[in-house]
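Visitor: Could you walk me through this model, one question at a time?

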Amino acid sequence: MLAAIILSALAMTAIVAVRYLITSGAFAWATAKVRPGQYDGKQSQIRKEIFWSLASAAIYGVPAGIIAWGWNNLGWTLIYTGWDDYSLWYLPISVLAYLFAHDTWFYWTHRWMHRPRLFKLAHAVHHASRPPTAWAAMSFHPIEALTGAVVIPALVFLIPIHVAMLGVVLSIMTLMGVTNHMGWEMFPKWLVHSKFGNHVITASHHNQHHERYTCNYGLYFRFWDHLCGTDRGISAP
């Protein structure tokens with residue numbers, strides 16, 4: 001049993017690492033095509049971003065792998081596979097619930113990470129990416145990576161979700177993590193400056209955080225930033 005658990009943890013770590021390399025690599029390639037020179041002179045920064053991101057992949061992958069083994073073999077978690085186990089209207093609701101819960105956890109732990117001692121100890125690793133690149137999405141000190149690694153594994157014990165919808169959540173988490181850190185805005189101005197754009201985070205919003213440090217702490221939504229007075233609008237990366 002222990003060997004199977006270890007194998008599952010290693011497999012999930014590999015999946016997280018490969019997902020990161022493919023996704024960040026694809027957006028870095030797109031950046032080179034669309035914005036030639038955007039990452040010029042950042043080779044050293046990018047190497048550090050990849051190093052810390054691959055270290056984070058293990059911290060994210062191990063608990064996910066253990067829980068995946070428990071779900072598959074012991075029925076752990078509230079993940080379900082039948083489309084009729086819950087009403088169809090619950091499918092998008094569960095996705096929104098996961099995203100909002102994750103966003104809430106991230107906002108408050110992120111602000112916590114900006115306390116001087118914690119910032120110097122851990123969060124400074126992420127802020128060394130200034131401006132960030134497509135490789136920076138998982139560039140965290142292990143202490144910070146641990147605070148992020150517990151969220152989805154905890155939520156699958158608390159909120160029922162279809163396995164396909166969990167895949168949607170993980171896809172959104174991956175894509176927004178990368179696109180928000182590219183250092184430039186890939187979405188059109190009409191969307192960024194729309195009512196919808198006023199409530200969700202893109203690179204224009206998150207770039208302000210890497211520039212000013214004490215604002216724009218959210219992950220997916222601007223809800224907590226608006227509510228707590230920490231939203232400072234967008235920049236023009």
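**Helix, rings and a hole**

Visitor: Which residues of α4 are buried?
Guide: This is a predicted model, where local features need pLDDT of at least 70, side-chain atom pairs count only at pLDDT 80 or more, and totals for chains, interfaces and linings use all residues. Residues are numbered from 1 along each chain as its sequence is written, and side-chain values use heavy atoms, with hydrogens and water left out. Buried means under 20% relative accessible area, exposed over 50%, and partly exposed in between, with a 1.4 Å probe and protein chains only. In α4, that gives L118, F119, A122, H123, V125, H126 and H127.

Visitor: And what covers the buried residues of α4?
Guide: Helices here are DSSP runs (H or I, at least four residues), numbered from the N terminus. The cover of the buried α4 residues, with contact meaning heavy atoms within 4.5 Å, includes α2 (43-74), α3 (90-113), α5 (142-149) and α9 (203-212).

Visitor: How far apart are the end C-alpha atoms of α4?
Guide: Helix α4 covers residues 116-127, 12 residues in total. The expected span is 1.5 Å times one less than the number of residues, and a straight helix would reach 16 Å. The ends of α4 fall short of that, at only 13 Å.

Visitor: On to the rings: what kind of pair do F100 and F223 make?
Guide: Rings of Phe, Tyr and Trp (its six-membered ring) pair if their centres lie within 6.5 Å; planes under 30 degrees apart count as stacked, over 60 as edge-to-face and the rest as tilted. The count by this rule is 15 aromatic pairs. For F100 and F223, the centres are 5.6 Å apart and the planes sit at 65°, so the pair is edge-to-face.

Visitor: How many residues apart in sequence are the parts that this pair ties together?
Guide: F100 lies in helix α3, while F223 lies in helix α10 (residues 223-228). So the pair links parts separated in sequence by 123 residues.

Visitor: Is W224 buried or exposed?
Guide: W224 forms an edge-to-face pair with F223, 5.1 Å centre to centre and 80° between the planes. F223 itself is partly exposed at 41% relative accessibility. W224, with a relative accessible area of 16%, is buried.

Visitor: Last one: which helix gives the most to the lining of the largest cavity?
Guide: A cavity is a set of points on a 1 Å grid over the protein atoms alone where a 1.4 Å probe fits but cannot get out, and lining residues have an atom within 4 Å of a point. The largest cavity is lined by 31 residues. With six residues, the top contributor is α3.

Notes
Helices (H or I, at least four residues) and strands (E, at least two) are DSSP runs, numbered from the N terminus. On a 1 Å grid over the protein atoms alone, a cavity is a set of points where a 1.4 Å probe fits but cannot get out, and a pocket is an open set with protein on both sides within 12 Å along at least five of seven lines; lining residues have an atom within 4 Å of a point.
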